[in-house]
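This report describes selected local features of a protein model. The sequence and structure are shown first.

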Amino acid sequence: MPKPLRKAVLPVAGLGTRFLPATKQMAKEMLPVVDKPLIHYAVEEARAAGIEEFCFVTGRGKTMLVDQFDVAFELERTLTERGKQKELDMLHAQALPPGSIISTRQQVPLGLGHAIWCARAFIGDDPFAILLPDDLMLCDVSCTKQLADAYMATGGNVVAIEEVPKERVSSYGVIAPGATKGNLVEVTGLVEKPPVEKAPSNLTVIGRYVLMPEVIGHLSKFEKGAGGEIQLTDSMAKLIGSQPFHGVRYEGRRFDCGDKAGYLEAQVAFALARDDMAPAMRRILQKYS
């Protein structure tokens, strides 16, 4: 039996330059979609997959990401005094048990692979999930839960994949596909941001992974790849052949909230998915249609 999947790493050290000036003081992962910040959606998604321990790989000035999941004594006292029981219940339901979150610093922006290496002590010898909060998922079944189920079935590395137009593959990690069984696609190769003419397919990796701890040994070599950064994709590729490796055609929708247009679309989609917000959002959209 594979080890239980209980850990998740969330790389959140980015500067959010595409959202300046909003992110001059506020972490981009704290940008709200309707009424919850991106980081909150990621943690909720992971918890729905049975994740119990979280490591935030942060940078300078990002303490608010951990504070989001801390007890807010003053706020709770004020809500209690004002009889706001509904709001109190919501805060309590979203609270994490003590000791569930730790943070570590990525002092220098050397790439996603380096961010994951910074969490090596947290990962230890256990399988772990990676969630990039910029990729906001709208799924009936948590995207991370879909990957966790695939991990338990295969006993190896799994990544969420989706098709993109061929001309856009140079912006993604791309898999070379092997045998397909249901929503599982065997990964026979991986390449980060290939030129269109050299891409092995148009099946791209999005910001959801379940990886074996052996990837840390490859990351520890600090080999630079595309863009002169330490690429996670390059180290994942070295696991192929020695461990099972599959892509999961996840069921749901992804919104690229690192992009302004994707962020705005997410606001619409998530509002329409909520009974309390859908009527108002439809009225707003009618004004501009």
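## Lysine 62

The side chains of K62 and E29 are joined by a polar contact of 2.9 Å (a pair of N or O atoms within 3.5 Å; within protein, one must be able to donate a hydrogen and the other to accept it, and residues adjacent in sequence count only if both atoms are side-chain atoms). K62 lies in the loop between β4 (53-58) and α2 (64-67), where helices (H or I, at least four residues) and strands (E, at least two) are DSSP runs numbered from the N terminus.

K62 is buried, its relative accessible area being 8% (buried means under 20%, exposed over 50%, partly exposed in between, with a 1.4 Å probe and protein chains only). Apart from neighbours within four places in sequence, K62 contacts V12, A13, G14, A27 and E29, contact meaning heavy atoms within 4.5 Å.

## Basis of the model

The model is predicted: local features need pLDDT of at least 70 and side-chain atom pairs count only at pLDDT 80 or more, whereas totals for chains, interfaces and linings use all residues. Residues are numbered from 1 along each chain as its sequence is written, and side-chain values use heavy atoms, with hydrogens and water left out.

## Helices α3 and α4

Helix α3 (residues 73-81) packs against helix α4 (residues 85-94) at about 150°, with the axes 9 Å apart; axes are lines fitted to C-alpha atoms, for helices over the stretch in contact, and angles run from 0 to 180 degrees between N-to-C directions. The two helices are therefore roughly antiparallel (over 145 degrees; under 35 is roughly parallel, 65 to 115 roughly perpendicular and the rest oblique). L75, E76, L79 and T80 of α3 meet E87, L88, L91 and H92 of α4.
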